Amino acid sequence: MKLINTLKGLHVSAASSKRIIVLQHRLFSANVASGDLKSKSYKYPAVYDPYGPRPPPSDKILQLADRIVALPMEELKQIGPTLLDRLKQPKPQPISSAGFNFGPQVGASSDKAEEKKAEKTAFDVKLEKFDASAKIKVIKEVRTFTSLGLKEAKDLVEKVPVLLKQGVTKEEANDIIEKIKAAGGVAVME
């Protein structure tokens with residue numbers, strides 16, 4: 001290889017460069033055929049250590065490790081907190097999971113379903129029935145909170161039970177129900 005690197009560094013003519021190529025080919029072929037190429041390759045360490053080689057632990061550390069291994073399980077659980085206390089290290093704080101969605105949780109599903117029903121913000125108003133004598137008053141009230149004409153409002157009222165308004169707030173739904181009740185109809189909030 002030293003010969004090849006030396007020849008590459010020299011300025012040579014075209015005729016001699018052909019000889020160098022042939023020479024390189026012969027050298028490479030000889031190395032591959034004899035298996036010599038593997039012996040000169042880089043050997044990777046058995047375990048990668050990003051901090052480099054470290055000196056072996058002292059006898060005192062090895063004895064301490066042997067004593068720790070021999071301790072019963074109850075005492076092993078006390079080593080970590082005791083060392084943190086003696087070395088004056090802060091206690092590890094739990095990581096908050098607020099803001100993370102971990103999917104449905106087992107056991108809490110029924111409670112959350114009840115809470116979601118109670119937290120409903122959009123309601124529908126449905127006309128259940130009305131007095132035949134108060135039909136015109138109910139049609140006029142339906143026209144006041146919908147953008148329907150007289151004929152469309154009349155057709156809507158005649159299809160009882162029918163959904164009058166969707167996605168309204170609780171206050172608005174209660175207001176509509178009171179107006180329908182005053183006109184002679186019966187409306188409910190869903």
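Read along the sequence, the elements of this protein follow the order α-α-α-α-α-α-β-α-α-β-α-β. The model is a predicted one. Of the 190 residues in the protein, 14% are buried. Among contacts between residues at least 6 apart in sequence, 61% join residues at least 24 apart.

**First stop: the largest nonpolar core**

Select V125, L127, V142, L164 and I180, the residues with the most contacts inside the largest nonpolar core, a set of 19 residues. Next, display the elements that each supply at least two residues of this core: β1 (123-130), α7 (135-145), α8 (150-158), β2 (162-168) and α9 (170-183). Which element gives the largest share of the core? It is α9, with five residues.

Now centre the view on V125. Beyond its neighbours within four places in sequence, V125 touches V162, L163, L164, K165 and V168, together with A173, I176, I177, A187 and V188.

**Second stop: helix α8**

Select A153, L156 and V157, which are buried residues of α8. Turn the view to look down the axis of α8: the buried residues lie within an arc of 95 degrees, and so they line one face of the helix. What covers the buried residues of α8? The cover includes β1, α7 and β2.

Show α7 and α8 together. Their axes come within 9 Å and cross at roughly 115 degrees, and the crossing is right-handed. On the α7 side, the contact is made by K135, V138, I139, V142 and R143. From α8, the residues taking part are L150, A153, K154, L156, V157 and E158.

**Last stop: V138**

Finally, select V138, which is placed in helix α7. Is V138 buried or exposed? Its relative accessibility is 0%, so V138 counts as buried. Apart from neighbours within four places in sequence, V138 is in contact with L127, F130, V157, A183, G184 and G185. To end the tour, display the C-alpha atoms of V138 and G185: these residues are 47 apart in sequence, while their C-alpha atoms are 6.4 Å apart in space.

Methods:
Residues are numbered from 1 along each chain as its sequence is written. This is a predicted model: local features need pLDDT of at least 70, side-chain atom pairs count only at pLDDT 80 or more; totals for chains, interfaces and linings use all residues. Side-chain values use heavy atoms; hydrogens and water are left out. Helices (H or I, at least four residues) and strands (E, at least two) are DSSP runs, numbered from the N terminus. Buried means under 20% relative accessible area, exposed over 50%, partly exposed in between (1.4 Å probe, protein chains only). Contact means heavy atoms within 4.5 Å. A nonpolar core is a set of buried Ala, Val, Leu, Ile, Met, Phe, Trp, Tyr and Cys residues joined through side-chain atoms within 4.5 Å. The arc is that of the directions from the helix axis to the C-beta atoms. Axes are lines fitted to C-alpha atoms, for helices over the stretch in contact, and angles run from 0 to 180 degrees between N-to-C directions. A crossing is left-handed if the near helix is turned anticlockwise from the far one by less than a right angle, and right-handed if clockwise.
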